[in-house]
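The following note reviews one structural model as numbered points. The sequence and structure are shown first, and the remarks follow.

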Amino acid sequence: MPCCMCEEYGWEDPQAVVFRDLESVKDYCLFHAPVERKGVTVREFNERVADRIQAIVDFDDEDVLCDFSGAVFPGNICFMSECNIPWVSFKNAHFLGTVSVYGCSFESDVDFSDALFLEEVDFQESTFNGTVDFAGAKFFNNAFFEGATMHGYADFMNSSFLGDVDFYDTTFRDGVAFCHVEFGGKVVFWNTLFSNEVKFMKTKFSVQGAVFQTIQFEGSVEFTNISTINKTILSFINCKISHSEILIQDCDPRCCDFTMQRDLRNIHFINSPWDIMGRVKASAEEQEGNLQLVRDFYQRMKAKYKTENNEYEASKWHVAEKESQLKLLGRKDGSRFLRDVLWLYKYSSGFGEDPRQAFWVLLMLLVLPLLFLVCIELSNNFVWWGFDHSRIDAVFTEWLKFIPLTRAADKNELGLLYAFMVFWQLLITIQTALFVFALRNNFRR
Ligand SMILES: [Zn+2]
């Protein structure tokens, strides 16, 4: 009987049997036998792995697969630097120790689909010349891809990383998909080069979030339906988005921190509203010491939408910018006057963007003197059984003195009352101007 697993995975060269499971009456070769039944040390096992790879290299036929599918690697394994690995499959392989592949060159396609990596994995400085398939792979510890270059399409679909993942200085020459990937630790993309399209679809990020720093995106980038938990932050720091677009679709963009991302021109938010709680508010606004950066970010977003002639969005970012400006002034000494003016601007017209609020304030300014005069009249002259109707006229005449463009305040009034009437007329004039300004801003869209 040949090895049952060699048969199951369709190995071209079923291996000699080293262990028979008496319960299931199944035979296993060295590569597929459980760890404790291999009958060799880890070192001897790794030598057999190296021999198997070398045999394929010596055979020198690129159509021959170096098959390790379903194999169980019992301990730490290290592929030495400058080692050339042919077309290889580690599909469903179990790596029980660390895997170190430093500076190796994978000459053809590599299949790690559904592989399990129980310890740390390191692909530093490796070159993948064919496609790279990590679909369904599970990394129980940290994974490093520092300085690696992937020339073929890299597929990480359905894989899960329970530890940290590092793509520092990694180069993806073809597309890469992180769809349905689950990141359990921190993800770092730093100095990474994406020459083609990148997809993050239904990707789950942990509370430790992700950093996208000084990345060069040369193809389109999609973040669709990504899932984050509370306080997860995806930071974008000075990324270069040259001829491509970053599309953020069907997401809650407030998990993204763009305060350190200068260039926002090609980042587009589709069905991903920022203003769920009444107004646009970046999560970084709540962090201590970040307010200036956040304000500048709001300003850049406003400028971006103005360039795109999207006045509707520009208005939202204008309000957010002014709100953060108000907070900033509140923290600075000696800015009380500016803060108070901005505060009045907010409550009189929603920073010139809310005609409804401006209208209600205007109405209040018009009605208040009337109420005031009615109260005085009632307290001084009101008699139930002898109400003098001519007093109504008198009250209205007095009221009109507070309204601009009706009649000037009587010069015979007391000096202070005259000044107050002029002041009130000025207030109404200013508020009318604000109302018209807000109305114009609203209809411009
Ligand atoms: Zn086997």
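1. Helix α3 passes helix α4 in a left-handed crossing (the near helix is turned anticlockwise from the far one by less than a right angle; clockwise would be right-handed). Helices are DSSP runs of H or I with at least four residues, strands are runs of E with at least two, and both are numbered from the N terminus.

2. This is a predicted model, in which local features need pLDDT of at least 70, side-chain atom pairs count only at pLDDT 80 or more, and totals for chains, interfaces and linings use all residues. Residues are numbered from 1 along each chain as its sequence is written.

3. The axes of α3 (residues 291-307) and α4 come within 8 Å and cross at roughly 160° (axes are lines fitted to C-alpha atoms, for helices over the stretch in contact, with angles from 0 to 180 degrees between N-to-C directions). The two helices are therefore roughly antiparallel (an angle over 145 degrees). Residues in this contact include Tyr298, Met301 and Tyr305 of α3, and Trp317, Ala320 and Leu328 of α4 (C-beta atoms, placed from the backbone, within 7 Å). By class, the contact of α3 with α4 has 9 nonpolar, 5 polar and 6 charged residues (Ala, Val, Leu, Ile, Met, Phe, Trp, Tyr, Cys and Pro count as nonpolar, Asp, Glu, Lys and Arg as charged, and the others, Gly among them, as polar).

4. Helix α4 (residues 311-331) also meets helix α5 (residues 336-349), their axes coming within 9 Å and crossing at roughly 150°. That angle makes α4 roughly antiparallel to α5. The crossing of α4 and α5 is left-handed. Among the residues in contact are Leu326 and Leu329 of α4 and Leu342 and Trp343 of α5. The contact of α4 with α5 comprises 5 nonpolar, 2 polar and 3 charged residues.

5. An open sheet of 10 strands, with parallel pairing, has the order β3-β7-β11-β15-β19-β23-β27-β31-β35-β37 (two strands pair if DSSP finds at least two bridges between them). β3 (66-67) and β37 (267-270) stand at the edges with a single partner strand each, so one side of each has no neighbour in the sheet. Strand β35 (residues 246-249) runs parallel to β37 and is joined to it by 4 bridges. Isoleucine 248 stands opposite phenylalanine 269 in β37.

6. Strands β1 (residues 17-21) and β2 (residues 26-29) pair in the antiparallel sense over 4 bridges. They form a hairpin with 4 residues between them, and valine 25 in the turn has a positive phi of about 50°. The bridge partner of aspartate 21 is lysine 26 in β2.

Terms used
Parallel < 35°, antiparallel > 145°, perpendicular 65-115°, else oblique. Contact = placed C-beta atoms within 7 Å.
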